[in-house]
Amino acid sequence: MKTSFREFVKTGKGKLTVALCALALSWIFLLWNFSGSFGDLMPGEERIDSLEREIKQLKQQNATLFARRKAADELKARYQKQLEGYWREERDGVVDTELRNKIQQAAGEVELKLNSLGSVRTTRINSDLYYAEIDLSTSGSLETLVRFLGRIQEIRPVLSWRRLDLRPEMRNTDLVGNMNFNGAIRVIGFDGEAGEERKGGAK
């Protein structure tokens, strides 16, 4: 019996039969050990609904993140545009001297004599921005003062008035036709990353 089986296995038909039996045993082993995994390959309706809900949530989260990213990019673009209007020493000169020069030039263009023009004071806003302010006083006709204000408004970077006081000039309780003018001019300056790079390169 054993001899006939060995002879049968040596034949082509016998080899095929043995191979088929081995394949069948392999499938039985796989099905027995991985039946749970195979079941996951064909999920039921409940599992499909759960996956669809997860996909929907992920899409909503992605849309929210995209909207936040877009808003952040727009805010950054507006900030960069605003920086162009701030005082930059690499472009506009040293604020302590050039701000005084611009104001004196504006007064000279309308033939207005400044009674006083103080020193420039700087105050930090944050690590990148600061205020530069300067006090001034003068007197003159209302027309001349209005033209002076117009020249100040034309200066770039843009200057603003932190304080402004305009009163009629009086002598011995009588009006003399001129106006006393006192004010404080302010400009926002930027000396952030670009300024630090410039200072570092100068060392």
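This is a predicted model: local features need pLDDT of at least 70, side-chain atom pairs count only at pLDDT 80 or more; totals for chains, interfaces and linings use all residues.
## The overall layout

Stepping back, the protein contains 8 helices and 5 strands. Read from the N terminus, its elements follow the order α-α-α-α-α-α-β-β-β-α-β-β-α. Of the 203 residues in the protein, 22% are buried.

## A buried threonine

Now look at strand S3, which spans residues 129–140 and includes threonine 138. Is threonine 138 buried or exposed? Its relative accessible area is 2%, so threonine 138 is buried. A polar atom of the threonine 138 side chain lies 2.6 Å from the backbone oxygen of lysine 113.

Most residues other than glycine have a negative phi, and most peptide bonds are trans. Two spots in this model are worth a visit with that in mind.

The loop between helix H6 (95–109) and strand S1 (114–117) holds glutamate 111. Its phi is near 55°, a positive value in a residue that is not glycine. Glutamate 111 counts as exposed because its relative accessibility is 76%.

The other spot is the loop between helix H7 (142–154) and strand S4 (160–171), where you will find proline 157. Arginine 156 and proline 157 are joined by a cis peptide bond, with omega at about 0°.

Technical notes:
Residues are numbered from 1 along each chain as its sequence is written. Side-chain values use heavy atoms; hydrogens and water are left out. Helices (H or I, at least four residues) and strands (E, at least two) are DSSP runs, numbered from the N terminus. Buried means under 20% relative accessible area, exposed over 50%, partly exposed in between (1.4 Å probe, protein chains only). A polar contact is a pair of N or O atoms within 3.5 Å; within protein, one must be able to donate a hydrogen and the other to accept it, and residues adjacent in sequence count only if both atoms are side-chain atoms.
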